[in-house]
Amino acid sequence: GANPDLILYDPLAINDNGDIVGVAGQISTQQEVGFLLPAGYVVDSILDDADKTPGDGNCATAAGACTLRAAIQEVDAAKLSATTQISFALPGGNGTIKPTSALPAVQYPVAIDGLGKVALLGTNAGGNANGLILQGDESSVRGMDIEGFQAAGIRIEGSKMDIGALPTSTPSCTYPCNTFKGNAKGAVAVFTGTQNDVDGNRMQNNGPAAIDLGADGRTANDAKDADAGPNGLHNVPIGVLGTVNPVDHQRIVSGVDPASDSGERIDVYAQSSADAAKGAEPADYVGSVTPGYMGGWKLDVPASIPAADRFFSATVSTAADGTSELSPVCTDPDGDGNPDSDGDGLCDTWETTGIDADDNGTIDLTLPGASPKHKDIFLEMDTMQNGRGSDAPSDGAIQDVVDAFAAAPVQNGEGGTG
């Protein structure tokens with residue numbers, strides 16, 4: 001039923017049909033003041049029974065329990081533009097809800113908070129079922145474990161939603177704010193809408209992409225981020241890689257965004273293994289950082305992050321668009337557990353197959369002579385013409401620089417120096 005801790009005393013409320021909503025959410029023609037309005041519902045059963053009388057303001061099945069399905073039915077029937085809270089008081093304090101068919105889409109704003117004690121398991125929900133479909137702008141989901149759905153864990157069809165939050169958010173949320181696992185079409189699919197934030201969530205073994213703008217698989221970066229669509233189809237950070245400072249041995253993760261992302265928020269995640277086909281699967285939250293005026297950024301990796309977490313990914317969240325998809329992950333082609341075996345700041349996959357800068361499956365730049373077992377430096381030199389000819393150094397001068405680096409007393413994994 002209605003949550004007694006969230007009862008509001010208010011003269012009246014108007015739903016989207018223009019009706020006055022009175023006691024228990026029932027339709028009223030009275031003009032008196034002092035109506036008690038339920039601000040939310042408390043789910044007290046792990047069963048999947050439907051609401052007995054949707055629209056009466058009372059989340060109750062025929063047996064008198066409030067299930068998640070019944071609470072959603074009441075939210076949809078009430079048609080309130082204000083956010084409705086769905087909280088949980090399950091027997092024993094926690095539990096797993098197993099829908100026997102797809103849950104109805106939540107058509108109006110809702111704030112769902114499982115407090116880290118509620119799992120939503122989709123193994124019995126049927127083909128192509130999403131865990132939750134959110135259509136009410138400014139909806140939010142926290143503290144949920146959503147697993148095993150044939151479609152996405154959460155499908156967004158609206159704007160300004162918050163799926164998860166960070167330890168630094170207001171209000172804060174301890175990582176992982178939500179957990180998504182084994183959902184066939186991604187953890188969170190943003191089908192329509194913009195300014196949706198997806199942050200602070202653990203996402204493992206979901207179908208690619210874990211965060212999917214457009215609900216159509218990974219979206220490649222485009223030139224100048226000119227395309228439009230869900231969350232602006234905002235370009236992802238590139239070149240996200242962890243390195244170790246050789247002096248103080250501090251682990252660092254860095255990447256690059258376009259200069260237009262300067263001042264926005266980069267959220268960085270880590271994982272202990274990587275599969276190119278699956279893409280990023282955030283296991284741990286590393287931290288957040290703001291790109292500089294040219295778009296570059298770097299972040300010290302806290303000592304609390306497991307040493308085995310050598311694979312990094314990142315999202316960018318902007319005020320205009322919301323959260324991007326996750327960046328590509330540098331993988332481990334030689335199977336040594338390290339995406340940068342020689343520690344030269346170049347992904348092993350870049351050195352073996354080339355760089356796919358926009359994640360569209362096509363190599364944009366090859367690195368001739370590069371090896372994941374030998375430290376490499378690549379330098380682009382741009383010169384200009386002047387009144388006397390070119391400012392370009394002579395071939396001999398360039399070779400002197402190459403020879404100097406080749407003779408440097410730097411140890412390599414394959415043996416030798418330079």
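Cys59 and Cys66 form a disulfide, with their sulfur atoms 2.0 Å apart; a disulfide is here a pair of cysteine sulfur atoms within 2.5 Å. The torsion about the S-S bond of Cys59 and Cys66 is about 90 degrees, so this disulfide is right-handed. Both Cys59 and Cys66 are buried, where buried means under 20% relative accessible area, exposed over 50% and partly exposed in between (1.4 Å probe, protein chains only). The model is predicted: local features need pLDDT of at least 70, side-chain atom pairs count only at pLDDT 80 or more, and totals for chains, interfaces and linings use all residues. Residues are numbered from 1 along each chain as its sequence is written, and side-chain values use heavy atoms, with hydrogens and water left out.

A search of the whole structure finds 3 disulfides. Another joins Cys173 to Cys177 (S to S 2.1 Å), and with 95 degrees about the S-S bond this link is right-handed. A disulfide also joins Cys330 to Cys347 (S to S 1.7 Å). Cys330 and Cys347 both lie in the loop between strand 25 (322-323) and helix 2 (348-353), so the pair ties together parts that are 17 residues apart in sequence. Helices (H or I, at least four residues) and strands (E, at least two) are DSSP runs, numbered from the N terminus.

An open sheet is formed by 4 strands in the order 10-12-15-18, with parallel pairing; two strands pair if DSSP finds at least two bridges between them. Strand 10 (132-134) and strand 18 (211-213) stand at the edges, each with a single partner strand, so one side of each has no neighbour in the sheet. Within strand 15, Val190 stands opposite Ile156.
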